[in-house]
Amino acid sequence: MAEVRPTSPLEVQEAVRLHPRLRPKGAGTKPALSAPREGEVVLDLSGLRGLLQYEPEEFVFTAYAGTPVKEVEEALRAHGQYLPFHPPLAGRGATLGGTVAAGLSGPMRERFGGLRDFLLGVRFVDGEGRLVRGGGQVVKNAAGFPFHRLMVGSLGAFGIMVELSFKVFPYPRATRTLRVALGNLAGALAALERLRGLPLDLLALDLIPPATLEIRLGGFPESLEGRLKRLRELLGREGEALLEDEAHWEGVRDLSFLEGSPIWVKVPSTPARIPALEGLPLGPRRYLSGGELLYAGVDPEGLRALRGAGLPHLVLKGAEEALFPPPPPAFFGKVKAALDPRGRLPLG
Amino acid sequence: MGFLEELKALFPPGRVLTREAALAPYESDALTAYRRRPLAVVLPERKKEVVEAVRLCHRHGVPFVARGSGTSLSGGSLPVEGGIVLALNRMNRILRLDPRAKIAVVEPGVVNLEVSRQAAPYGLYYAPDPSSQPISTLGGNVAFNSGGAHCLKYGMTAGHVLGLEVVTPTGEVVRLGGESLEGVGPDLAGFFVGTEGLLGVALEITLRLLPRPEAYHTLLAAYGSLEAAGNAVSQVIRSGLLPGAMEIMDRLAIEAAEAAVGAGYPQAEVLLIVELEGPKEEVEEEAKLLAQVIEESGALEVRIAQSEAERQAIWKGRKAAFSAVGRLSPDYIVQDGVVPRSRLGEALKEIGRLSQEYGLRVANVFHAGDGNLHPLVLYDGKKPGELERAEELAGEILRLCVRLGGSLTGEHGIGVEKKAYMPEMFAPEDLLAMERVKEALDPRGLANRGKVLPEGVVDPRLEGAHG
């Protein structure tokens with residue numbers, strides 16, 4: 001299988017100009033997105049790595065797209081900061097570029113929002129080999145077309161990301177996790193909806209079907225006990241406080257609950273949609289961020305069921321057709337034609 | 001039938017304005033130095049009417065500009081000569097407010113603050129709060145990716161728009177995004193936000209709502225210099241706190257605010273407002289740390305709002321500052337640039353120097369948490385040459401922002417006002433990519449023609465190289 005491994009933006013430009021069909025790849029943690037189709041050359045971006053700029057006081061960093069999330073997080077951690085959208089699969093080697101291209105956020109997205117809330121700027125090589133910048137390196141910026149947001153979930157359709165800038169935040173001084181069993185799905189959904197609407201500043205609010213909620217709090221150690229107590233009162237249950245909460249949540253964000261499932265999918269959800277989703281033949285699964293985001297393990301029948309129900313989803317692993325439904329031709333098709341007129345890149 | 005006759009046939013009588021007196025109010029937005037007479041102004045009340053008007057424009061090659069309340073400070077909704085204005089204020093219905101889903105689906109003419117008002121009984125609100133929020137519309141907020149005082153913590157409009165229904169410049173109606181906080185596939189709704197009406201007109205907007213914070217802690221600190229206040233901001237950040245807002249006003253801005261609303265601010269060179277928000281137990285702990293940081297920062301006087309009324313009084317002065325400056329000077333330009341937070345001191349010093357050099361007063365009000373400067377350049381339009389000098393000074397400030405690693409605009413948009421400065425921030429290839437996207441979606445160049453993209457970016461050599 002043909003593969004090129006650029007180590008500079010210039011080499012990415014050369015590779016794009018040289019090959020008629022390309023499939024960008026980071027660490028390969030979402031193989032449904034990075035496995036080459038017939039006639040495609042793999043553009044392995046793992047050699048384009050490293051932190052280019054990090055100003056802790058600005059809450060901003062810039063890094064090459066092939067940089068592993070973990071590497072960035074270690075640098076951030078040294079200054080008490082983190083990426084609040086909690087990029088998934090970090091423990092398995094996921095890169096910044098792959099995370100953006102797939103458009104993935106993890107369990108802690110509940111508190112401050114998802115990937116799209118934290119990406120500030122991009123430099124990418126479009127389908128004609130031109131190096132293009134969008135956005136900037138400051139937390140507030142409204143100049144020019146926001147190409148960085150176009151990259152979120154793009155699967156590489158408009159260009160090969162070479163450099164990304166993100167906003168970061170201070171990491172909570174302490175965290176606590178409460179696990180509560182609610183008896184049945186209806187009870188769990190009612191509790192979930194109630195918590196979603198209250199100003200509790202939860203770091204994570206997950207539903208593990210059929211009826212368990214896992215709730216993570218972060219803040220000053222002195223305030224956490226009081227907030228935990230209030231949470232228990234709101235729920236009318238004691239629940240169980242997890243001691244190893246850091247290790248537990250690292251497992252969740254690495255999607256270890258999907259281990260053993262042949263196909264891994266991300267499904268945009270809402271609490272109202274959960275009962276219908278629960279009626280489908282899905283495997284192990286977990287609803288993150290108050291029910292807005294489902295990661296599920298399925299077999300081919302489950303995937304057919306999702307498609308049959310017309311529910312949008314993204315396959316991370318285990319199937320060739322990654323995206324359902326395809327993007328709207330009227331808008332997407334034209335932007336695609338502008339940036340990748342020869343169709344060198346994925347999605348069309 | 002000619003274009004105007006066809007246009008009139010699309011609307012009931014009275015909703016296509018063509019008489020001079022009726023057109024006059026639409027000749028400019030809040031950047032009144034620029035004026036253009038449109039061919040006509042139409043007042044749609046339904047999506048279908050907007051779509052039909054856009055299709056008609058496409059067929060006849062007539063340019064169009066969509067506008068809401070016209071609060072743009074960058075000429076973003078300036079009409080195009082010979083084109084039409086789609087005035088969307090009558091499309092002001094909140095179509096759905098679903099507290100359980102925490103979303104609101106609105107028409108583009110809905111005023112920003114109205115969403116929070118309607119959501120308040122459910123304990124929810126719409127977070128982006130530009131200073132114009134009592135009048136500016138969400139369609140405009142979407143076009144400009146508007147910000148406000150709370151962007152550091154909550155981000156700008158783009159993060160709060162989940163879905164859009166849009167009519168493209170060729171008249172196609174598309175849905176971008178959805179109703180969930182999460183999506184799959186390219187974030188096209190996110191991309192549309194901030195394109196200043198160049199890629200189409202938003203017909204319907206789905207917003208995320210947030211639970212209103214439970215507790216606030218609002219602190220006002222006085223300093224002897226901008227540098228000292230700027231350092232205090234850095235110290236707050238270094239302490240690991242994440243305030244909802246941090247705002248700075250200089251002496252001129254304080255005087256103006258006092259004269260306008262009598263906020264009761266202390267007499268000082270500089271005022272810093274810091275507001276913490278969140279669950280009450282958390283805010284209590286944060287407030288202790290903040291008190292310590294502010295004490296160490298050398299504040300000359302510190303006040304803490306003891307009630308909601310006192311909190312509102314602190315904010316009233318800050319929010320009135322822009323319009324209040326009108327009391328100090330017959331005219332002023334509101335500039336809007338961003339610098340990295342750590343370079344605020346440097347930027348302000350240079351602005352002070354430029355103010356001296358140009359012989360024009362500059363008042364400073366800014367979102368210190370984001371490094372978003374709002375220098376107000378005071379001038380007298382009746383004095384010959386003064387407007388030009390003020391514009392030059394404002395331009396120098398923008399160049400300074402880019403030089404320091406910031407941005408041409410934090411929230412006001414590029415519009416017509418700043419498009420000449422785009423090449424300072426973006427390379428020709430960046431601008432070409434924007435041009436190409438614009439051309440692909442709007443081959444006749446009708447949607448908000450003449451905004452954002454500077455003239456003459458297309459370098460023929462580059463064009464040739466890529467065939």
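**Close-up views of a predicted model**

**View 1. A:Phe85 and A:Phe166 are both buried.** The model is predicted. The ring centres of A:Phe85 and A:Phe166 lie 6.0 Å apart and the planes meet at 25°, so the two rings are stacked. A:Phe85 sits in the loop between β6 (81-82) and α4 (96-102) of chain A, and A:Phe166 in strand β9 (residues 159-167) of chain A, so the pair ties together parts 81 residues apart in sequence. Over all chains, the structure holds 13 aromatic pairs.

**View 2. A:Phe112 and A:Phe169 form an edge-to-face pair, because their planes stand at 70° and the cut-off is over 60.** The ring centres are 4.9 Å apart. This pair links distant parts of the chain, 57 residues apart. A:Phe112 belongs to helix α5 (residues 109-112) of chain A, and A:Phe169 to strand β10 (residues 169-170) of chain A. A:Phe112 has 15% relative accessibility and so counts as buried. A:Phe169 is also buried, with a relative accessible area of 0%.

**View 3. Ring pairs join seven phenylalanines of chain A into a cluster: A:Phe59, A:Phe61, A:Phe85, A:Phe112, A:Phe118, A:Phe166 and A:Phe169.** A:Phe61, a member of this cluster, has contacts beyond its neighbours within four places in sequence. Among them are A:Leu51, A:Tyr54, A:Val72, A:Leu76, A:Leu83 and A:Leu96. A:Leu164, A:Ser165, A:Phe166 and A:Val168 are also in contact with A:Phe61. The contacts include A:Gln53 as well.

**View 4. The largest nonpolar core has 135 residues.** The members that touch the most others are A:Phe61, A:Phe147, A:Phe166, A:Phe331, B:Leu164 and B:Val437. Helix α14 (residues 386-403) of chain B gives this core its largest share, eight residues. In soluble globular proteins, nonpolar side chains tend to be buried together.

**View 5. A:Asp117 is buried, with a relative accessible area of 11%.** A:Asp117 is in the loop between α5 and β7 (119-126) of chain A.

View 6. Elements giving two or more residues to the lining are β15 (263-268) of chain A, and β5 (94-98), β9 (173-177) and α8 (188-192) of chain B. β9(B) supplies the largest share, three residues. By class, the lining residues are 22 nonpolar, ten polar and twelve charged.

**View 7. Helix α10 (residues 251-261) of chain B has the buried residues B:Leu252, B:Ala253, B:Ile254, B:Ala256 and B:Ala257.** The cover over these residues includes strands β13 (245-250), β14 (270-278), β18 (362-367) and β19 (372-379) of chain B. Helix α12 (308-324) of chain B is part of the cover too. B:Gly262 follows α10(B) and has a positive phi, near 55°.

Methods. Residues are numbered from 1 along each chain as its sequence is written. Chains are lettered from A and ligands numbered from 1 in the order in which they are written. This is a predicted model: local features need pLDDT of at least 70, side-chain atom pairs count only at pLDDT 80 or more; totals for chains, interfaces and linings use all residues. Side-chain values use heavy atoms; hydrogens and water are left out. A nonpolar core is a set of buried Ala, Val, Leu, Ile, Met, Phe, Trp, Tyr and Cys residues joined through side-chain atoms within 4.5 Å. Buried means under 20% relative accessible area, exposed over 50%, partly exposed in between (1.4 Å probe, protein chains only). Helices (H or I, at least four residues) and strands (E, at least two) are DSSP runs, numbered from the N terminus. Contact means heavy atoms within 4.5 Å. Ala, Val, Leu, Ile, Met, Phe, Trp, Tyr, Cys and Pro count as nonpolar, Asp, Glu, Lys and Arg as charged, and the others, Gly among them, as polar. Rings of Phe, Tyr and Trp (its six-membered ring) pair if their centres lie within 6.5 Å; planes under 30 degrees apart count as stacked, over 60 as edge-to-face and the rest as tilted.
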